[in-house]
Amino acid sequence: MAREMLQGAASALRGITRATRRRLRRQAITAPLDTGGFLGASVAAWISTSPSLLPRTWWMWTANIAFSEIYGYATGTLAGVAIRRTGRAMGLRVSIAPDHRQRARLVGAAALLGITGYSWVRGVLRQREISHLVRQEPKNLATHVVGTAGGVAASFGALGAARATLATARFYRALLRPYLPPRLVGALSLLLTAATVTVVVDRLIRGRLLERMIEQAEAANQLISPGVPRPTSPLRSGGPQSLETWQSLGAAGRKIVSGGADRELIEQATGAPAREPIRVYAARSSRRSLEDTVEAVLAELDRTGAWEREVLVLFTGTGTGWLQEWSLSAIEFLTGGNCATASIQYSYYPSPLSYLADRRSPQQAGRLLHQAVRRRLLALPEGQRPRLFVAGESLGSFGGQAAFRDVPEMLRSVDGAVWTGTPSFTPLWEQITARARPGSPAIAPIIDDGRHIRVVTRPRDLERTYWGGLYAPWEHPRVVYAQHPSDPVVWFDPSLLWREPRWLQERAGHDVTPAMRWFPWITFWQIAADMPLSSAVTGGHGHSYHEEMVPIWAAVLGQEAAEGAEGPTALEQRRRHRRIITAIRSIHPVS
């Protein structure tokens with residue numbers, strides 16, 4: 001008897017499973033598109049072709065269109081459900097006479113095709129405009145076609161995944177309905193569906209994608225490139241007499257200590273006697289903590305005699321430990337090599353991965369290095385201390401600023417700072433923008449009339465405000481925040497999902513098209529898609545801070561030629577800067 005019951009239950013289960021599987025395939029693949037969802041996806045796709053900050057590659061087109069259509073389809077479907085329910089509640093019914101339906105379909109299809117074609121062509125033309133603004137060659141037509149096709153395909157894939165999830169929930173309900181009360185069936189099927197989706201996503205993203213990214217980051221960090229020679233100067237970490245081995249520095253560290261100019265090139269560019277610059281670097285590893293890594297940097301500073309130099313600059317790197325060569329070299333040329341730069345590698349993950357997986361490490365690195373160096377400097381006689389400066393770019397700016405509780409502490413602790421491409425979520429930057437003069441542009445807020453802090457979108461902003469107004473006299477210490485209007489790293493923020501930012505409301509920015517508009521959800525993904533390649537844009541735009549680092553560091557070091565002041569004229573200063581830029585470009589040939 002019991003055996004017969006079990007066999008009957010198993011047979012019923014197989015029947016339910018087969019029927020549910022057939023419904024899953026039909027709902028996930030062959031079910032027609034929801035009318036409201038289709039219209040919503042179409043509108044979102046039209047909007048997604050609107051311009052953002054940087055020219056799009058094919059995969060940027062794909063990401064923009066896919067995420068926009070997913071949002072549009074979901075919104076349109078929900079709106080359609082709400083309209084139908086409201087209409088039924090009010091007793092309203094809209095219908096089209098049978099003899100007019102075919103004409104309505106043709107008119108609707110023609111309108112959809114016409115608007116789609118117009119929005120796509122307009123989007124392509126806007127991409128050409130953006131390319132000219134950031135001084136890049138426009139992408140060819142195939143880039144836009146392939147990206148559009150990829151976006152449509154990806155959105156259909158997402159729709160299939162969503163329908164498969166709903167079908168999975170129905171499958172669980174059909175499986176549990178004969179054995180459980182209706183209320184319990186709904187709750188339990190929801191939990192089982194959520195668990196299934198979680199397992200699948202975890203296996204795909206964390207188990208495969210994330211682990212693969214980590215493995216690739218580890219391999220890249222250990223790779224010793226033959227194009228990066230070991231330094232021969234004892235004033236470089238990893239070189240002769242260094243306490244840090246060449247292998248221990250990591251890929252980014254090896255590139256940093258191997259690069260830069262020597263004394264001869266500095267003398268040739270500046271026409272004055274120079275010294276060999278000091279570059280100190282240490283990398284965190286599984287065998288030593290962040291505190292031990294900071295101690296290793298101090299030991300290298302002691303060994304190289306860095307405390308006897310005129311200028312000491314502490315850099316906080318990005319996730320991989322990378323530092324901007326333009327910033328490093330600008331300091332070395334402007335000081336005639338009478339300087340030392342120091343940094344640590346706190347991670348070897350790319351910045352996005354570092355921010356998601358370990359946001360504390362860059363802040364700890366910036367804080368611990370600054371505190372340790374500051375203690376050593378205070379122990380030296382006052383007249384024998386080098387001037388202390390701090391710097392960082394992108395996630396390095398976020399981490400480096402964590403060394404200070406507020407602006408007064410930063411101004412008390414250092415002789416100057418240069419922060420480039422600062423992310424909007426940086427706490428100290430949020431404090432600074434809260435103090436901005438009312439009416440000053442969001443892309444270049446005016447802080448205390450520019451007495452100590454100036455926000456620079458291009459070199460001319462060092463002397464005048466973005467609108468051309470005068471600053472108050474520039475006092476020491478000096479802090480520069482460099483941020484291009486077209487830098488998506490600066491402007492990316494989760495609030496873009498639901499709120500229009502002030503910088504977009506103002507339509508300000510010399511390298512941003514005024515045609516850019518904000519749309520809920522869509523603009524967030526447009527800016528997100530702009531970020532990965534923003535460092536590959538021509539210097540002076542996007543997240544590429546190159547030639548402007550020379551005049552910026554000259555101003556922070558106090559080497560600018562003020563009007564009416566004795567010394568080199570502004571013309572002579574520009575010529576000197578041009579020679580330095582040419583020399584840096586010869587050792588770092590990046591546009």
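Val456 faces Ala482 of strand 7 in this predicted model, where local features need pLDDT of at least 70, side-chain atom pairs count only at pLDDT 80 or more, and totals for chains, interfaces and linings use all residues. Residues are numbered from 1 along each chain as its sequence is written, and side-chain values use heavy atoms, with hydrogens and water left out. Strand 6 (residues 453–456) pairs with strand 7 (residues 478–482) in the parallel sense through four bridges; pairing requires at least two DSSP bridges between two strands. Strands (E, at least two residues) and helices (H or I, at least four) are DSSP runs numbered from the N terminus. From strand 6, Ile453 and Val455 point one way while Arg454 and Val456 point the other, and all are buried (under 20% relative accessible area, 1.4 Å probe, protein chains only). In a regular strand, side chains alternate between the two faces of the sheet.

Burial is also found in helix 8 (residues 263–270), at Leu265, Ile266, Ala269 and Thr270. These residues lie on the same side of helix 8, because they cover an arc of only 115 degrees around the axis, taken from the directions from the helix axis to the C-beta atoms. Their cover includes helix 10 (325–334) and helix 20 (570–587), with contact meaning heavy atoms within 4.5 Å. Gly271, with a positive phi near 70 degrees, follows helix 8.

Turning to another helix pair, Phe38, Leu39, Ser42 and Trp46 of helix 2 meet Leu112, Ile115, Thr116, Ser119 and Arg122 of helix 4.

Note on methods. Buried means under 20% relative accessible area, exposed over 50%, partly exposed in between (1.4 Å probe, protein chains only).
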